Each structure stands twice: as C-alpha cells, then as structure tokens.
Amino acid sequence: MLGTIENKVGQSAPPAHLAVSGIRKSFGGVHALRGVDFEVARGEVMALVGDNGAGKSTLMKVLAGAHLADEGTFFLDGKEVSISSPHDAFDHGIQIVYQDLALCENLDVAANLSLGAEPVKSGWGFLPRFLRPIDGMAMEERALAAIDRLQVRTLKSVRAKVGGLSGGQRQAIAIARAVGADSSVVLLDEPTAALGVAQTRQVLDVVKRLRETNHAVVYISHNLKDIFEVADRITVLRHGANVATWHTTETTPDEIVVAMTTGLDDGGNNVR
Amino acid sequence: MSVEAQPQPAVLDRFRQLRETRFGAFVPVLLALIAIWIYFGITEPAFISSRNFYFLFMQSAVVGTLAVGITIVLLLGDIDLSSAANAGVCAALMAVLIVADVPGPIACLIAIVLGVILGCAQGVLVAYVGIPAFVVTLAGLLGFQGLMLKILGIQGAINMRDPFVRGITTIYLPPAAGWVLAAAVIAIFAFAVLRNQAQRRDRGLELDPSMAVWGQIAFFAVVVVAAVATLNSYRGIPLLVVLLVGITALLGWVTTSTPFGRSLFAAGGNAESARRVGINVRHIRVAAFGLVGLMAAIAGIVGASRYASVSFNAFAGGPLLLEAIGAAVIGGTSLFGGRGSVWNAILGALVIGSLGNGLDLSGASAADKLMFSGAILLIAVAIDAVSRSSAAQSR
C-alpha cells in the first residue's frame with residue numbers, strides 16, 4: 001500500500017498520526033491526484049514538494065477537507081476516518097494555514113485568534129450565544145498563551161491591529177490561530193513565500209516550535225533551503241503521483257530537485 | 001512595516017495611529033462638530049442658545065436613527081439606499097392603522113415588524129441570491145416609495161394625532177429626573193471602566209495608562225453634564241433623546257461586545273476569513289439588513305411623531321436618505337467595510353444637523369447649504385481614504 005514510502009523510509013519512520021492512501025482527485029478531465037499516499041507523524045515536520053502542478057496544493061486541500069477526494073482512505077492514528085468537509089477536518093484536529101492567511105486586518109490580534117469561537121461571559125444564558133457578551137480578558141489571555149507557546153517575541157501587544165503587523169508576524173498569528181484550536185495536524189501552505197530574511201527566520205522558528213509541541217506539521221514550500229532546515233522528511237510529488245519520501249538527513253537538495261523535475265526510475269534511482 | 005522604507009509626514013502618521021486607537025475614531029468628527037459650533041456660535045449668537053440646541057437635537061433625530069442603522073450594513077461593506085423609503089412605508093402603515101383605530105403602541109409594533117421584514121427580505125436577496133446590495137436597495141428605494149404612495153392613498157399625507165406616537169417627541173423628563181439619570185449613567189460608566197481596569201490588573205494583562213482611564217471618565221462626564229445642562233435650561237431632556245441614546249447604546253454594545261458584532265466586523269474586514277473560521281456570513285448579512293429595517297421603522301415612527309404627520313415628501317425623494325448615509329460616513333464609518341461605530345453616526349448626524357441649522361440661521365440659500373454639505377461629506381470620505389491607505393501599503 002505505502003510502497004514508495006516504505007521503500008525509502010522503512011522501519012525508521014515514526015508511526016504516522018495522519019495517513020492517507022490512494023487519494024485520487026480529478027477536476028473535469030484533469031487528474032490532479034492519481035492515487036497519492038502520504039503520511040505525517042506527531043512531532044515531525046513533513047515537507048511536501050513538487051513542481052508547479054504536481055498536486056501539492058490539491059493534496060493539502062483534500063487533507064483539510066476543502067476538496068472532497070474522488071477515492072482514497074484517511075487514517076488517524078491507524079483508525080480509518082472520513083474527511084469530507086472543512087468541518088470534519090476541524091473536528092479531527094486538522095488545521096490549514098492558507099497562503100493568503102485570511103486574517104481580519106481591522107481586528108486586533110486577540111480577536112483574530114478567537115474569531116468564530118469567542119469566549120463569552122457566564123451568567124448570560126438567557127441570551128442566544130451570539131448575543132452574549134464576549135469575555136475580552138479571557139480572549140486576551142488565550143491569545144497571550146498561544147503567542148507564548150509559539151514564542152513570537154517581536155509582537156508587542158495582542159491588542160494591536162493585525163493591519164499594522166509585519167508579514168512574519170501575520171504568518172505567526174495565522175499559525176497560532178491554527179494551533180490554538182486544539183489541533184494535532186497543522187498544514188502550512190508556502191508560509192515564507194512573500195517574506196524577507198528576518199521574517200522567514202521568525203516563521204521557521206515557529207514551525208520548529210510546532211514540532212516541539214508535538215504537532216504533526218505538513219509544510220509546502222518551493223524553498224529547499226528552508227525545507228532542509230526545518231523538515232524531518234520530504235515527500236516529493238510529480239504529475240499528481242508520489243515520487244518518494246526521504247529523511248532529510250539522508251538526501252541532498254540536488255537529489256530532491258531531480259526527483260521533482262524528472263522523477264525516479266524503477267529501481268528508485270534518480271533518472272538522469 | 002513600510003514606515004522606514006517610505007518616510008512620510010509625521011503628522012499624517014500620528015493621525016493614523018490616533019485613528020487606530022479605541023476612542024480615536026471619535027476625534028475627527030468631534031473636532032468637526034466643535035469647529036462648526038464655534039464658527040456659528042461667533043457668527044450667529046442665536047446658534048448657541050439652549051433653545052436652538054434643543055431644536056438641533058430634535059432635527060437630527062430622524063437622520064441619526066437612520067444613520068445608526070445604515071452604519072451596520074456599512075460595517076459589512078454593503079450599503080442600504082432604501083432605508084429612508086422603508087421608514088416612509090413603516091410610518092405610512094402605522095398612520096393608516098391608527099386612522100383605522102388600532103391603538104398606537106400596537107400600530108408602532110406592527111410598523112417595526114414590517115420594517116424588519118422588508119430589511120431581511122433585501123438581506124436575503126443580497127446574501128443568498130447574490131445581487132449587489134447597491135442594486136437591491138436601489139430597487140427597494142423605488143419600490144418602497146411606490147408602496148408608501150399606495151398606502152397613503154390619494155391625499156398623500158395623513159395627520160398624526162395619536163397621543164402615544166406624538167408623545168415620543170413631545171414628552172420631557174423633569175430637570176431633576178434628568179440630573180438623576182445623568183448621575184446614574186456617569187456612575188455606571190465610571191464603575192464599568194474602573195472595574196475593567198482592576199480586573200485587568202488582577203489578571204496581569206496589559207493596562208491602559210491611568211491618564212487614559214480617568215480621561216475617559218472625565219470626558220464622558222463632561223459631555224453628559226453639558227448635554228443635560230443645556231437641555232434642562234430649555235425644557236428638560238426630551239424622551240426622544242433618552243430613547244435614541246438607549247437604542248444606540250444597545251446597538252453599540254451588540255456590535256462591539258458580542259460574537260454577532262465581532263462577526264459583523266470580521267465579515268466586513270475579510271469575508272473569506274470569516275467564512276473559513278465557520279462564521280455564516282449569509283446569516284450575518286441578513287441580520288444586518290434586518291437591523292437596518294428595524295432602525296428605519298423606528299426612524300419612521302420618530303419622523304411621524306415629530307412632523308405630526310406622515311407625508312410622502314418627508315421621507316421619500318427628499319434629502320433624508322443622503323443625509324443619513326452622509327451622517328454615517330462623516331462619523332468615520334468606512335464605506336469599504338470593517339471599521340466604524342454606531343456612536344459616530346449620531347455625531348455625524350449632529351454635524352449635518354448643525355450645518356443645516358447654522359446655515360439656516362445665517363440666512364444662507366438652499367444652494368449654499370447643498371454645496372456646504374457636499375464639501376463636508378467629501379472631506380469626511382477623504383479622511384477615511386487617507387487613514388485607510390496605511391493598511392493598504394503594509395499589505
């Protein structure tokens with residue numbers, strides 16, 4: 001079943017927290033995913049790489065429930081689960097941070113972190129939940145805890161409007177929002193794509209913190225330098241199918257680039 | 001941030017920072033209001049009389065009520081062009097019911113229900129059918145004007161003698177009751193602010209400077225005392241002012257302190273973000289239009305009470321709608337959505353009302369008044385655009 005993965009990783013792979021197999025997804029006549037296998041363990045950063053159109057983002061959206069797979073099975077800690085909507089994914093602790101972040105710039109950091117799940121004061125049970133007063137202080141405490149966990153040191157106040165923050169800080173807030181929601185799997189789509197050097201550093205530190213807090217992290221990026229810095233394993237996709245999965249310590253950027261662009265031959269060697 | 005990269009005039013930056021603070025959004029409109037009052041106070045001494053201020057408040061009431069409602073859809077980044085016409089329909093229905101011997105309170109209640117239904121219906125068209133709010137409410141503007149004519153019948157106006165409806169704008173609190181009310185409101189405000197600060201200290205959260213805390217309380221007390229003193233020296237606080245401040249306070253609380261209000265700001269700031277965290281943006285939109293309908297109906301009742309009649313010209317075709325939208329925007333509520341406050345709409349209505357009132361006193365022509373109002377509106381939107389561009393740059 002997980003042929004290529006066993007092939008490359010074998011017994012040394014940690015037990016998977018989230019695993020999918022045989023994922024197929026077509027958009028009209030275009031086969032975006034042709035039976036992809038993928039897995040990620042807790043306390044691990046799994047990079048997902050591939051050329052444009054390899055199916056990375058489609059796979060990510062399938063994992064997050066934003067796309068419904070045509071075929072394929074999902075396993076969470078070895079148990080088969082069904083993920084057919086973002087709500088399902090959320091219930092299973094899977095959180096995605098999209099490239100566009102989707103933060104509300106007109107709201108402050110605390111409000112963004114609790115958006116859609118604001119804590120309300122007790123004693124107002126006679127009102128419907130959406131009209132009960134928000135417990136602003138509990139919300140700030142929650143935000144401070146989330147920021148602390150990720151050790152985002154540059155943020156001065158959780159009462160600052162997101163519109164005034166830097167790109168790296170926003171990325172950190174978006175990640176904190178995903179982590180704050182009781183998640184075990186965090187999917188990051190190109191988190192450093194638009195960032196400068198210092199900002200990228202900040203985000204990579206946050207990703208490392210996610211690993212330390214025992215999250216399963218899936219990390220899509222085009223930047224192999226970043227990937228070799230944070231990832232434990234690297235899954236390469238090409239034309240909507242698996243090429244292979246490597247331990248970062250056992251491969252080189254050159255090998256990954258060749259795998260992305262030309263794939264492997266039958267013996268598992270790079271095609272030159 | 002792009003602050004280092006692009007040095008800008010410090011004044012502009014300060015101004016933007018000011019606008020971002022919790023009470024900063026009040027400052028521009030408050031300064032505008034004070035400037036207008038000082039100007040007319042010097043050129044037209046009659047302007048500063050308590051009698052004139054009383055009329056100013058009463059004149060601004062209908063515009064202010066509508067503006068508070070419109071602010072709520074503006075927060076979503078939508079617009080409602082139909083609310084003045086909606087107010088007219090509700091007022092007309094109420095008048096017809098009262099003529100048919102329905103008791104005043106029940107007629108008012110039916111009018112309010114109608115307003116909410118008309119608002120929600122437009123909200124459904126915007127949220128579920130996907131027609132732009134501008135088009136839906138433009139159609140509403142035309143349709144409701146027609147409906148109002150139909151309800152009013154041939155004569156086009158119905159006199160309003162019902163004591164309940166008239167009472168809304170003709171009853172005053174005795175001066176003593178006014179002072180008691182003022183003291184209670186100030187005490188509650190001070191208690192809430194101080195308790196909040198104490199709890200923040202206990203929980204080890206970031207504190208507001210104590211200057212700001214006491215400044216808030218002092219400022220609030222001065223405004224309340226000044227308003228009550230002015231109104232008491234004429235006839236006492238009109239019941240209408242108490243009602244409108246109460247309704248605005250309630251809506252202000254709902255929009256800033258409840259999950260519903262937070263969703264409103266979130267959907268207006270970034271609808272996609274709101275959708276992804278599980279907020280049902282369609283429900284929010286329908287509810288917002290329903291609230292506009294509610295405020296329109298209340299404005300209709302207030303208007304009928306104040307003019308002692310319901311006539312087509314008082315609500316439809318006239319400048320009421322544009323003044324209400326202008327008041328909301330002058331108050332600093334962004335047409336782009338996600339920023340604003342219902343309190344500012346009241347201040348905006350006072351700016352428009354003061355301008356009209358002052359120009360009337362100085363014998364300005366209708367032409368001058370229109371041009372002045374246009375200029376003020378333009379300045380207000382320019383302030384919005386300038387303070388918004390900082391967010392756009394750092395994106």
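**View 1. A:Phe74 and A:Val81 face each other in a predicted model.** A:Phe74 stands opposite A:Val81, a residue of β5(A). The model shown here and in the other views is a predicted one. Strand β4, residues 71-76 of chain A, is joined to β5(A) by three bridges. These two strands run antiparallel.

**View 2. The four-stranded sheet of chain A is open.** Its strands follow the order β2-β1-β4-β5 (chain A), and the pairing is antiparallel. At the edges are β2 (30-40) and β5 (79-81) of chain A, each of which pairs on one side only. Neighbouring strands of this sheet are turned against each other by 30° on average, with direction ignored.

**View 3. A six-stranded open sheet in chain A has mixed pairing.** The order of the strands is β6-β7-β8-β3-β9-β10 (chain A). Strands β6 (94-97) and β10 (241-247) of chain A are the edge strands, each pairing on one side only. From one strand to the next, the twist averages 20°. Within this sheet, strand β3 (residues 44-49) and strand β9 (residues 233-238) of chain A run parallel and are joined by four bridges. A:Met46 stands opposite A:Arg233 in β9(A).

**View 4. Two helices of chain A lie across strands of the six-stranded sheet.** Helix α2 (residues 56-63) of chain A lies across β3, β6, β7 (185-189), β8 (216-220) and β9 of chain A. This helix runs at about 150° to β7(A). Helix α7 (residues 197-212) of chain A lies across β3, β7 and β8 of chain A, and runs at about 150° to β8(A).

View 5. A:Glu190 is placed in the loop between β7 and α7 of chain A, and A:Asn214 in the loop between α7 and β8 of chain A. Phi of A:Glu190 is near 50°, and phi of A:Asn214 is near 65°. A:Glu190 counts as buried because it has 20 C-beta neighbours inside 10 Å. A:Asn214 is exposed, with 12 other C-beta atoms within 10 Å.

**View 6. A:Tyr219 and B:Met94 touch the most other members of the largest nonpolar core.** This core has 195 residues. Helix α13 (residues 281-307) of chain B gives the most to this core, 16 residues. Leaving out residues up to four places away in sequence, A:Tyr219 touches A:Val45, A:Met46, A:Ala47, A:Leu48, A:Leu188, A:Val207, A:Val230 and A:Ala231. In soluble globular proteins, nonpolar side chains tend to be buried together.

**View 7. Chain A meets chain B through 26 of its residues.** These 26 residues are in contact with 27 residues of chain B. Helix α5 (residues 136-150) of chain A supplies the largest share of the chain A side, three residues. By class, that side has twelve nonpolar, six polar and eight charged residues.

View 8. Among contacts in chain B with a separation of 6 or more, 80% are between residues 24 or more positions apart. The count of 17 helices and two strands describes the secondary structure of chain B.

Key
Residues are numbered from 1 along each chain as its sequence is written. Chains are lettered from A and ligands numbered from 1 in the order in which they are written. This is a predicted model: local features need pLDDT of at least 70, side-chain atom pairs count only at pLDDT 80 or more; totals for chains, interfaces and linings use all residues. A nonpolar core is a set of buried Ala, Val, Leu, Ile, Met, Phe, Trp, Tyr and Cys residues joined through C-beta atoms within 7 Å. Two residues are in contact if their C-beta atoms, placed from the backbone, lie within 7 Å. Ala, Val, Leu, Ile, Met, Phe, Trp, Tyr, Cys and Pro count as nonpolar, Asp, Glu, Lys and Arg as charged, and the others, Gly among them, as polar. Two strands pair if DSSP finds at least two bridges between them. Axes are lines fitted to C-alpha atoms, for helices over the stretch in contact, and angles run from 0 to 180 degrees between N-to-C directions.
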